[in-house]
Structures are given as C-alpha cells and as structure tokens.
Amino acid sequence: MSGLRALLGLGLLVAGSRLPRVGSRGSACHAGLTWWGARHLISAGRRDSGIMADTAVKYLSQEEAQAVDQELFNEYQFSVDQLMELAGLSCATAIAKAYPPTSMSRSPPTVLVICGPGNNGGDGLVCARHLKLFGYQPTIYYPKRPNKPLFTALVTQCQKMDIPFLGEMPSEVRWDVEKGNSGGIQPDLLISLTAPKKSATQFTGRYHYLGGRFVPPALEKKYQLNLPSYPDTECVYRLQ
C-alpha cells in the first residue's frame with residue numbers, strides 16, 4: 001500500500017477550507033489542506049441537541065469488528081459490493097455535513113481520496129463517486145489495485161465521471177485500528193462504519209460521525225453495540 005495505512009484504507013484531503021483549525025492540527029497537515037481518515041473515532045468538540053454521548057456506543061476491538069463483518073456476510077447474506085456502496089455513501093454524506101461545499105473557498109472544493117488495496121479502499125472509490133455528485137472535485141490515489149472485477153468496475157465508474165487518479169503520493173499515513181497514531185497526521189473528521197473501534201480514544205479532531213445504517217437489530221443486540229437511533233432517513237449520525 002506504499003506505506004499508506006489509514007484506519008480503513010481510506011483517507012481524505014480537502015483544499016480551500018474556510019473552517020478554523022483546532023489545536024496543533026495545522027502543523028500536521030499540508031498547507032491549505034484538511035485531512036480526514038475514515039471510521040471509528042471520537043472528537044472532543046462542542047455538543048448540541050443532535051449529538052449523542054459517545055459513552056453509550058460500544059467501541060469494538062479488531063477481533064470483534066471482524067466477527068461482526070463475518071456475520072453480516074455469512075449469516076445475513078450481505079454482499080461485499082452492497083456494503084461497500086452503503087459505506088461509501090455514508091462517508092460522502094458525513095463529509096458533506098461536516099464540510100459543506102458552501103463553506104469552502106474553492107468552487108468546486110477539491111478532495112483527495114486515498115484508497116488502500118482492500119475492501120475499505122473500495123469504500124473510498126464509492127465515496128469519491130458520491131462526492132463528485134455532491135458538488136466536490138475528488139482526486140483519487142490508489143497505488144495498489146486488486147485484479148478483481150468489483151474493484152475494476154469501481155475504478156471504471158470513477159474514470160467515466162472524470163475523476164482523476166494520482167500516480168504517486170509524497171507522504172505516509174498510518175493508523176492502527178486499536179492504537180491510532182498519536183505521532184502522525186491528526187484527522188479532523190473520522191467516520192465510524194458499523195460501530196467505533198478502540199482507536200477512537202486516540203482521536204482529538206472535531207467531527208465524529210457514525211455511518212452505515214445497515215446493522216440488523218439482532219446483530220446489534222448480540223454484540224451489545226448500543227447504536228443510536230438515526231433520525232428520519234439519515235444514513236449518518238454525529239456522535240461528537
């Protein structure tokens with residue numbers, strides 16, 4: 001993955017933000033850019049009536065997260081591309097809520113989507129496609145592409161929508177699913193899909209969204225996920 005290991009194999013950079021920086025985050029980011037990793041963390045930001053107390057939601061270990069995924073695939077017969085589409089749409093929706101195009105200095109606002117070689121990288125390709133439809137101008141960095149029809153199709157969809165792909169990425173992004181990365185780049189927004197992971201305790205950014213409104217109630221009860229009630233038809237929920 002050329003040293004790029006985001007929490008779920010997906011990272012995002014946006015240029016031209018008018019939003020203020022928080023703490024020392026500016027020193028960890030490229031000038032004019034804000035970085036988002038994807039999934040599983042909390043922020044110490046201001047609460048409001050639409051934000052849920054994070055202590056109610058269970059934070060999963062890597063083994064628990066893998067077990068939940070396996071049940072979704074095997075017991076509930078979700079397909080990989082089905083969950084990938086739901087996950088990517090949730091990520092794009094959370095980004096649009098946290099950083100709406102009208103708050104950006106560039107029109108359209110530019111976004112760099114960094115994708116790893118696994119299923120999570122596929123989430124990033126879907127996310128980029130939806131961001132383009134939401135009014136952003138995404139660019140994708142996808143250094144290791146699986147030779148599988150599903151991923152080839154996702155790449156083709158992005159290319160047909162005139163989303164460019166970068167040939168190289170100068171800096172490294174690493175994130176451990178349970179330990180985070182306190183010494184590296186610090187995300188401003190993290191999006192949890194299914195449920196947050198234990199690395200959430202390492203996140204100090206402003207925005208934490210729960211996305212992927214697809215967990216069956218019986219599975220939620222079995223693993224005691226304590227997920228919030230999504231409002232109306234929303235596919236994301238702001239935790240902090």
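1. Let me start at Ile140. Setting aside its neighbours within four places in sequence, Ile140 is in contact with Leu112, Val113, Cys115, Leu125, Ala128, Cys158, Ile163, Pro164, Phe165 and Leu166. Please keep in mind as you look around that this is a predicted model.

2. The largest nonpolar core has 33 residues, and Ile140 is listed with Leu125, Leu131, Tyr142 and Leu189 as having the most contacts inside it. Helix H3 gives the most to this core, with seven residues. At least two residues each come from H3, S3, helix H4 (119-133), H5, S6 and S7. As background, nonpolar side chains tend to be buried together in soluble globular proteins.

3. Now for the overall layout. The protein chain has six helices and eight strands, and along the sequence they follow the pattern β-α-β-α-α-β-α-β-α-β-β-β-α-β. Of the 240 residues in the protein chain, 53% are buried. Taking contacts between residues at least 6 apart in sequence, 75% join residues at least 24 apart. The protein chain exposes about 10800 Å², with carbon and sulfur atoms supplying 50% of that area.

4. How far does the predictor's confidence go? The protein chain averages a pLDDT of 78, and 70% of the residues score at least 70. Among the elements, helix H5 (residues 149-160) has the highest mean pLDDT, 98, while helix H1 (residues 25-28) has the lowest, 26. For residues 1-9 the pLDDT is below 50, and this stretch has 43 contacts in the model beyond near neighbours in sequence. Residues 15-50 also have pLDDT below 50, with 131 contacts in the model beyond near neighbours in sequence.

5. Cys115, one of the contacts of Ile140, is in no disulfide, and the nearest cysteine sulfur, that of Cys158, is 7.8 Å away. Cys115 counts as buried, at 1% relative accessibility. As for Cys235, its sulfur lies 9.5 Å from the closest cysteine sulfur, in Cys91, so the two are too far apart for a bond.

6. A few backbone details deserve a look. Most residues other than glycine have a negative phi, and most peptide bonds are trans. The peptide bond from Ser107 to Pro108, however, is cis, with omega near 0°. You will find Pro108 in the loop between helix H3 (80-98) and strand S3 (110-115).

7. Which kind of phi does Thr194 have, positive or negative? Phi of Thr194 is positive, about 80°, although Thr194 is not a glycine. Thr194 sits in the loop between strand S6 (189-193) and strand S7 (207-211). Is Thr194 buried or exposed? Thr194 counts as buried because its relative accessibility is 8%, and the cut-off for buried is under 20%.

8. Gln224 has a positive phi as well, near 50°, and is likewise a residue other than glycine. Its place is the loop between helix H6 (217-222) and strand S8 (236-238). With a relative accessible area of 55%, Gln224 is exposed.

Notes
Residues are numbered from 1 along each chain as its sequence is written. Side-chain values use heavy atoms; hydrogens and water are left out. Helices (H or I, at least four residues) and strands (E, at least two) are DSSP runs, numbered from the N terminus. Buried means under 20% relative accessible area, exposed over 50%, partly exposed in between (1.4 Å probe, protein chains only). Contact means heavy atoms within 4.5 Å. Accessible areas come from the Shrake-Rupley method with a 1.4 Å probe; for residues, only the protein chains shown count as cover. pLDDT is the predictor's confidence in each residue, from 0 to 100. A nonpolar core is a set of buried Ala, Val, Leu, Ile, Met, Phe, Trp, Tyr and Cys residues joined through side-chain atoms within 4.5 Å. A disulfide is a pair of cysteine sulfur atoms within 2.5 Å.
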